[in-house]
Structure formats: C-alpha cells, structure tokens
Amino acid sequence: MTIATADHPVSRRPIDGWRWAGRIFLTLLLIFTVMPMIWMLITSLKTGFAAMQYPPQWWPTEPTLGNYTRLLDPTNSVGQEFLRYFWNSLWVSTLTTILAIVVAVPAAYAFSRFRFPGRTVLFFAVLLRNMFPAVIFLVPLFILMRWLGLVNTHGSLVLTYLTFGLPLAIWLLKGFYDNIPIQLEQAARIDGATRLQAFLFIVMPLSTPGIIATAIYSFIGAWNEYIYAYTFLTRHDQMTLPVGIQRFFSENATDWPGLMAATFMMSVPVVVLFLVLQKYFVRALTEGAVKH
Amino acid sequence: MSGVTEGAIFTDRPRTGADKRAGLLSRMWKQRADYLYVLPALIVMMVVIAYPIYYTIDLSLFRTPASLQLRDKIFIGLDNYTTILSSASFWKVTWQTLIWTFFSTLFAFLLGLGAALALHREFVGRGLLRALLLIPWVVSAVAASYVWKWLYHSDFGAIGAMMVQLGLADQPINFVDNINTALPSLIVVNIWKEFSFAMIMLMAGLQTVPEQLLRAAKVDGANAWQRFWHVTFPHLAGVSTVTILLLMVANFNSFIIPWIMTGGGPAGSTDIWITQIYQLAFGRQRWGVAAAYSVLLFLIMMTLGYFYVRALTQGDKERAGA
C-alpha cells in the first residue's frame, strides 16, 4: 500500500492505498447490486420472443413498452388483475401504516417517558417478538383468523402486519422521543397544559420525522410481505401484489418480460418512497443505534 | 425488508434506589394510568403473539387430522418430536440450514462492513451511492427472487451467458436445478438482499467512533490498519454483535427466497427449516409434526434471543459505567 503513495508524492495523505482499495471495493459492490436491477429493466423492454434468445440480446433490438401498457390497461384480463392486486396492496399497506402509528405513538411515548414497573420487561418482550419466524405463527394465526371469520379478507393481513410491525415502530419512535428534552414538556405543564396537551402540542410536532420514518418502515414492510398473504388469501380478487404476481405467471411461466415488468412496477412505490424520504429513514436507524 | 430491521440498542436510565424500595403492587397501582398508553399495543400483541405460541406448543403434542378439525386430535405426547429427530431428512435439512445461515450472515456482514468503512469518508456522490446500495434491502424478497431466477435461468440466463462469453464456461450453467450449485446460488441472492442492512447498521456504529481518538492514534504513528483494529473496531463491537445476531435470526427464518426460487428443490437440496415446516403443514397437512418442528425452532430462537438481549444490556452497562 505504501508503494502507491510513493508514486504520488503530491498526495496529501499517506493512506491513498486504502482509499483506492475502498473505491475498487465500492465499484464492485455497486456492480453486484445494480446489475440485477438493470437486467430486470432491460428484459422488461423485450418481447417474449426477444427474451428467449441465446446468446441474450444485451440490449433489445426492438425495445417495447408493450409489457407495461398491458399491465396498466384495465380492459384486458392481465391488466385488470394486476391493477386489482396493486390496489389491494396499496389499501392493505396504507391501513396498516395508519393503524401502526396510532397504536405505536402512545406506546413508544410511554416507554420513553414513564417509569412504570415492568416496562423493561415489556420492552424486551416487544423486541423479542421479532426473533420468531412467521411460520411459527402461521398455523395458529390461520386458525385464529378462521375463527374470527377473517380468512380471505384484508382484515387478516392488516391485523397480522400491525402486530409484526409494532415492535419496530415502537422502538423507532422511542428513539425519537428519547431525544426530545423532557424540559419542554415540563415547561408546558408549568404553563398550565395537561399531560395530554403537552404530548399533543409539544411532543407530537417535534417527533414528526420519527413518525414519517416509522410510517415508511410500516408501509414497506406491509407492501413486501409474502408469507401471510400467501397463506391467508386464496381468493384472487383479494390478493396483494407479491402473491398475485406469482399466480399470474405460473400459468404461462415463459413470459419473463411480463414478469420483469410486473416486478419493476411492484418495486417502484417502495423504492420511490424510500429515495424521497431517505433522510428520515436512515436517521431513524442511526438515532437508535448511536444514542448515548 | 424482512425481520432484520430492528437493530435495537437502547439505553435504559438506571432506576433510582427509592424506586426499587417501594412495593411493586403499590407502584403498579400508582402508575396505573401509564399502562393505558401501552395497552392497545399490548392487547394486539397478546392476541396475535402469545396465543399462537401457546397454541403451537399444545398442538405439537397431538396427532391431528388433515382437515384441521381439532375436535378429532389425539394426544400422543412427544411422539411428534421423536418422529422429527429420527428422520433422515431432519439432519440433512438442519445441515443445509446451518450452511445457509452461516455463509449468508458471514458475507452479508463482511460486505456491509467494507461498504460502511468505504462510505464513511465524504466524497462526491456518496449519498447517491449509499441510496443505490440500499435498494436491494428495500425491494421485496419476492421481486428479488424472480429477478435472480431469471438471471440464473438455465437457457437464457444473463449470468450463464456472460460466463460463456468471458470464457469461464463452455455452456450456460444450470445454477438452480443442480443439487451442487443450488444452495450456493441462493445464498448469493440472500447476500445481495441483506448486506445493506449490515452496511447501514455499521455506518451508524461508525459515527460513535471518536474522531479525536483516531487523530491521536495517527499522530502517534498508527497506520490505517492499526487505527482500524485498535480504535475503530472495538467501538463497533457492540453494533457488530447485534447486527450479526439479527442477520442470523433473519437467515434462520428465511422463507421467500428458497420458496420462490426452488421450492426447496432440486431433490431437497435447498430445503431449510422454514420451508420444511411450511411444506409439512400446508403441503402435507401434518399439523402436529409441523408444530413440533416450530417448537424446536422456537427454542433455538430463544437461545439466540438470550444472546441478543445480553448483547443489548451489556452495551447499556458499559455506557452506564463509562
């Protein structure tokens, strides 16, 4: 590594070798990360015939948006189903997100502020939930949902996602509440505000970034969930995208360009949401991990 | 985004002595209003978590009819457990699960660590690069599985064709339909999906490394490696432990990638615990055996969970002592 610096006497720092190692590593990692996504996009622009070529057309000779127009066209059966799945996913994810915030905000606030006995135990219980795989809960939840009459409804998914999203939501929000000085609330209380008023008008506005971050996590988690949706829903008109997509293409498994277009469309909402609100997203994790 | 997201390191403010001396019940009563805030969360969790755990343990002791009409279940004690432990496939699946978990965790962590260190320095395009590297973690595992299945396609797959063009192979390789290459191929997909989780956790961890300490080490003549090993790495130990444990748990519990890409095949070579349990329950309707399998898995997770909690509380203690 020192040889590299000897070649560049003008270099300000003697650690250029490491810097170059880092750059090369990042470049390779970027290729590894991005290549599958690029290939997905390229394939989605091909016709079924063009995709089935060997050697593959690295760039389609006749790029077409036909796969996308077919998926987004409600007049044909493929588009109709796709749009239904898309709508179902959107509805389930949005409802889950709203409910998760409503339930997690008071809980996180309590974990952050109050000193009631058992709160540590409770908090660990909340965190440990995520140690257990979905499959353990699958059979009993399936029976529970059958008993509640929720099988084949979106209610079963919302209820399940809500529970499984809560530990993370509470933890994230707690991190934000911990960083809001308690003196602000005390000042409000001295000025005559009730505990609830102090919470609503002082703490809530300050924790908006935390709520946004939590909402993104909940939404993405619900949007991407597969195993419960796969088990609880058998009616086609109820299916969410991850499950619907599978059903759709297993019948004519050769339609890879169509599948890639559908996969792309399925990824767009979460990736856009993530890129736009990235700073909240990353900050939330950072706040939790770096707290002193 | 799977269950690996909750990298929780939180500090617990130490309780005061007076707090400890007061009677538990009277304290609980005095603070009764506080519980109201947690109650909604608690109720939902009880219904959807505590009940299923009880139910699974109960079910594992019965022979159940395929219809899941539970009136007809027969108590058979621990027979389901002996059935599992004495079956040949159990040990094969366990071995595959261990390989899957070990290599996925190892490489996801190493790639994440490398990326976090390389991204720690300011440079043009750093934010963009970080965002791009995080995308695999954000997209669904279902999408990832389909895209990689297409990349691995035995006749028209891009990876096989590229290897032929670069002269690395004579003909396209059949990655996922071959019992020797299927599991490693799936591990690559899994690493692709989750290394950025390790990256973001460690990037957060790197911010706790005091800048002054690094500069002091530099002044004292420590080289880049020595600074990493003696200054940076010790500060990352806590975050690393938590990250590795969370990755292990997530990998042990993986389902989507093997299920969609191979369904556990070919010839069971990518079957891991979760796909096996799913197959037993929803494929072969052997609910009791699947429940017993789940209880075993549950015990393993509890063990990992114990270390997880210990890693978390140790961090707290260190901070409290500092």
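Author: Two residues are in contact if their C-beta atoms, placed from the backbone, lie within 7 Å. The model is predicted: local features need pLDDT of at least 70 and side-chain atom pairs count only at pLDDT 80 or more, while totals for chains, interfaces and linings use all residues. Residues are numbered from 1 along each chain as its sequence is written, and chains are lettered from A and ligands numbered from 1 in the order in which they are written.

Reader: Among contacts in chain A between residues at least 6 apart in sequence, what percentage joins residues at least 24 apart?

Author: Chain A has 15 helices and 0 strands, where helices (H or I, at least four residues) and strands (E, at least two) are DSSP runs numbered from the N terminus. Among contacts in chain A between residues at least 6 apart in sequence, the share joining residues at least 24 apart is 71%.

Reader: What percentage of the residues in chain B count as buried?

Author: A residue is buried if 20 or more other C-beta atoms lie within 10 Å of its own, exposed if 12 or fewer, and partly exposed in between, with C-beta atoms placed from the backbone. In chain A, which has 292 residues, buried residues make up 45%. Chain B has 14 helices and 2 strands. Of its 322 residues, the buried share is 44%.

Reader: Which helix supplies the largest share of the side of chain B that touches chain A?

Author: Across the two chains, 86 residues of chain B are in contact with 88 residues of chain A. The largest share on the side of chain B is 14 residues, and these come from helix H3 (residues 32-59) of chain B.

Reader: How many residues of that side of chain B are charged?

Author: The classes are nonpolar (Ala, Val, Leu, Ile, Met, Phe, Trp, Tyr, Cys and Pro), charged (Asp, Glu, Lys and Arg) and polar (the others, Gly among them). On the side of chain B that touches chain A, 64 residues are nonpolar and 15 are polar. The number of charged residues there is 7.

Reader: How many residues does the largest nonpolar core have?

Author: A nonpolar core is a set of buried Ala, Val, Leu, Ile, Met, Phe, Trp, Tyr and Cys residues joined through C-beta atoms within 7 Å. In the largest one, the residues with the most contacts inside it are A:Ala104, A:Ala107, A:Ile170 and B:Ala198. This core draws at least three residues from each of domain 1 (2-44) and domain 2 (66-290) of chain A, with bounds from an automatic or database domain assignment. The residue count of the core is 164.

Reader: Which residues does A:Ala107 touch, not counting residues up to four places away in sequence?

Author: A:Ala107 is among the residues with the most contacts inside the largest core. Its partners lie in chain A and chain B, and they are A:Ile170, B:Tyr37, B:Val38 and B:Ala41.

Reader: At which residue of H8(A) does a kink lie?

Author: H8(A) has 25 residues, 22 of them buried. From first C-alpha to last, H8(A) reaches 35 Å, close to the 36 Å expected at 1.5 Å a residue, the expected span being 1.5 Å times one less than the number of residues. A bend is the angle between axes fitted to the seven residues ending at a residue and the seven starting there. In H8(A) the kink is about 40°, shortly before the proline A:Pro167, at A:Leu166.

Reader: Which proline follows the bend in H11(B)?

Author: Helix H11 (residues 224-252) of chain B has 29 residues, and its end C-alpha atoms are only 35 Å apart, short of the 42 Å that a straight helix would reach. H11(B) bends by about 50° at B:Phe233. The proline that follows within four residues is B:Pro234.

Reader: Why does A:Asn152 count as partly exposed?

Author: A:Asn152 is found in the loop between helix H7 (134-148) and helix H8 (154-178) of chain A. Its phi is near 70°, a positive value in a residue other than glycine. A:Asn152 counts as partly exposed because its number of C-beta neighbours inside 10 Å is 16.

Reader: Is B:Ala267 buried or exposed?

Author: B:Ala267 has phi near 55°, a positive value in a residue other than glycine. Its place is the loop between helix H12 (256-261) and helix H13 (273-283) of chain B. With 9 C-beta neighbours inside 10 Å, B:Ala267 counts as exposed.
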